[in-house]
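Reader: I've got the model open and want to talk through a few of its features. Can you take me through them one at a time?

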Amino acid sequence: PHYTYTTVNSAMLIVGLSGGIACGKSTVSALLQEAGLPVIDCDALAHESTKKGSWGYRRIFQKFGQDILLNDGEIDREALGRLVFSNASARKQLNAAVHLPVALTLLKRLCWCWMTSHWTVVVDMPLLFETGMYRFMRPSVAVWCPQEVQVSRLMVRNSMTREDALSRVNSQIPTDRKKTLADIVLDNSGTLQDLKPQVDELVVKLKRKGVVW
């Protein structure tokens, strides 16, 4: 990626990180954390925001009822995941139920980072581009690989059939579309050794914090 620079200022740099399923977003997130950058994991926030008894939990229960609960009353996340990946309408309902509770929790975390003088924060958000949240984060970073690589990785990682893996991939907007929306694209079509120098370069630029996209 190419960068231009301004003078360092005191504003918080909120970096949006996303990527398609099996593109390697979690690997990049872990590398950024290892490099000392604070990372807010929106998947973890979603779990936190939908624990039994929470506002998010009640919103999901209102949409889906008893069928997605375990015996202890917690949400059966595997069953819910299977449902929403195969049903676009259910996926929309889940997103509508979860987005507001997660957004409020995210806002609290960002405020805490600001109050504790963490001026560069990475927000790891699976639906960064689907929800349009990339417009509020600069830079937005997409971890990319070709669809065929996504499918192959899913088949190996999750022991899926090609049909099931393709269904999971097609439940998200295409990675090539995310590539066009992102400020920065990290190409993870190869090995970890190919990916890591790209992440290292990104870390250097983010820590300078004078970067403009």
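This is a predicted model: local features need pLDDT of at least 70, side-chain atom pairs count only at pLDDT 80 or more; totals for chains, interfaces and linings use all residues.

Reader: Which element gives the largest share of the lining of the largest pocket?
Author: The pocket is lined by 46 residues, with Asp 43, Phe 85, Pro 126, Leu 127 and Gln 172 nearest its centre. Elements giving two or more residues to the lining are α1, α2 (42-49), α4, α5 and α6 (147-157). The largest share, 10 residues, comes from α5.

Reader: How are α4 and α5 set relative to each other?
Author: The axes (lines fitted to C-alpha atoms over the stretch in contact, with angles from 0 to 180 degrees between N-to-C directions) of α4 (residues 77-86) and α5 (residues 88-115) come within 5 Å and cross at roughly 120°. Angles under 35 degrees count as roughly parallel, over 145 as roughly antiparallel, 65 to 115 as roughly perpendicular and the rest as oblique. So α4 and α5 are oblique.

Reader: Is Lys 25 buried or exposed?
Author: Lys 25 lies in helix α1 (residues 25-34). Leaving aside neighbours within four places in sequence, Lys 25 is in contact (heavy atoms within 4.5 Å) with Leu 17, Ser 18, Gly 19, Asp 124, Pro 126 and Val 143. Buried means under 20% relative accessible area, exposed over 50%, and partly exposed in between, using a 1.4 Å probe and protein chains only. Because its relative accessibility is 10%, Lys 25 counts as buried.

Reader: And what does Asp 187 count as, going by relative accessibility?
Author: Asp 187 sits in strand β6 (residues 184-187). Not counting residues up to four places away in sequence, Asp 187 touches Trp 144, Leu 195 and Gln 198. With a relative accessibility of 32%, Asp 187 therefore counts as partly exposed.

Notes: Residues are numbered from 1 along each chain as its sequence is written. Side-chain values use heavy atoms; hydrogens and water are left out. Helices (H or I, at least four residues) and strands (E, at least two) are DSSP runs, numbered from the N terminus. On a 1 Å grid over the protein atoms alone, a cavity is a set of points where a 1.4 Å probe fits but cannot get out, and a pocket is an open set with protein on both sides within 12 Å along at least five of seven lines; lining residues have an atom within 4 Å of a point.
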